[in-house]
Amino acid sequence: IVQYWLDKYDRTGEKDALEHAIANANLALLSWCPKQLSWVKNPTQGASSEQQHYNQYSVYSYGNQKLRCLSRLYKHTNDPFFSQMLARMMQNKIFTQVTDGPYKGSMHEAISDPWLERKHGFDYMNSPYTSELVLDLVLQLIEMDLVKTKNTGK
């Protein structure tokens, strides 16, 4: 929905469309954990609890262009809140990235288990995802010039 309103604002310049984008983004951000949970070492601020049967904190639902939306909102509004949320979301996603072994480049489904639903400790991370969503995340970061690639010389 945020993308729709941002696209309309880019096409028309209508202030109302930007106001709708901001309102919808703020509503969506209400589902995120607002602060770092004191009893969890892994980052929780900005994570969300998305599992119906496992109340774990996750950040892996990035196929919906959250990073790009936050970047666009910041560019249109200059509101540091959106820049801070973008930075926090990128930090969380990079934190969950697998950096070695056969699943290098994938993302863990969980960033933490603050309610001990999985019975493996508060900082539980498991199930690396290696789907198109991981590629989409990396492409968003490259397109926003937030990561550098070796092949392009950037």
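Student: Is V138 buried, partly exposed or exposed?

Tutor: The model is a predicted one. V138 is found in helix α5, which covers residues 132-143. Buried means under 20% relative accessible area and exposed means over 50%. The relative accessibility of V138 is 33%, so V138 counts as partly exposed.

Student: How many Å apart in space are V138 and D100, C-alpha to C-alpha?

Tutor: In sequence, V138 and D100 are 38 residues apart. In space, their C-alpha atoms are apart by 17 Å.

Student: D136 also needs a class; is D136 buried, partly exposed or exposed?

Tutor: Helix α5 contains D136. The limit for a buried residue is under 20% relative accessible area. D136 has a relative accessibility of 22%, and therefore counts as partly exposed.

Student: What separation in Å do the C-alpha atoms of D136 and Q65 have?

Tutor: Along the chain, D136 and Q65 are 71 residues apart. The separation of their C-alpha atoms is 8.3 Å.

Student: Which residues of helix α1 are buried, and why are they said to line one face of the helix?

Tutor: In helix α1, residues 2-12, the buried residues are V2, W5 and L6. Viewed down the axis of α1, these buried residues fall within an arc of 100 degrees, so they line one face of the helix.

Student: Which helices are included in what covers the buried residues of α1?

Tutor: Contact here means heavy atoms within 4.5 Å. The cover over the buried residues of α1 includes α2 (15-29) and α3 (66-77).

Student: Which residue just after α1 takes a positive phi?

Tutor: The phi in question is about 75 degrees. The residue that takes this positive phi, just after α1, is G13.

Student: How much space lies in the largest cavity?

Tutor: The count of cavities of 30 Å³ or more comes to one. The lining of the largest cavity has 10 residues, with G46, S48, V59, K66 and M89 nearest its centre. That lining divides into four nonpolar, three polar and three charged residues. The space in the largest cavity is about 40 Å³.

Methods. Residues are numbered from 1 along each chain as its sequence is written. This is a predicted model: local features need pLDDT of at least 70, side-chain atom pairs count only at pLDDT 80 or more; totals for chains, interfaces and linings use all residues. Side-chain values use heavy atoms; hydrogens and water are left out. On a 1 Å grid over the protein atoms alone, a cavity is a set of points where a 1.4 Å probe fits but cannot get out, and a pocket is an open set with protein on both sides within 12 Å along at least five of seven lines; lining residues have an atom within 4 Å of a point. Grid points are joined across faces, edges and corners, and a volume is the space filled by probe spheres set on the points. Ala, Val, Leu, Ile, Met, Phe, Trp, Tyr, Cys and Pro count as nonpolar, Asp, Glu, Lys and Arg as charged, and the others, Gly among them, as polar. Buried means under 20% relative accessible area, exposed over 50%, partly exposed in between (1.4 Å probe, protein chains only). Helices (H or I, at least four residues) and strands (E, at least two) are DSSP runs, numbered from the N terminus. The arc is that of the directions from the helix axis to the C-beta atoms.
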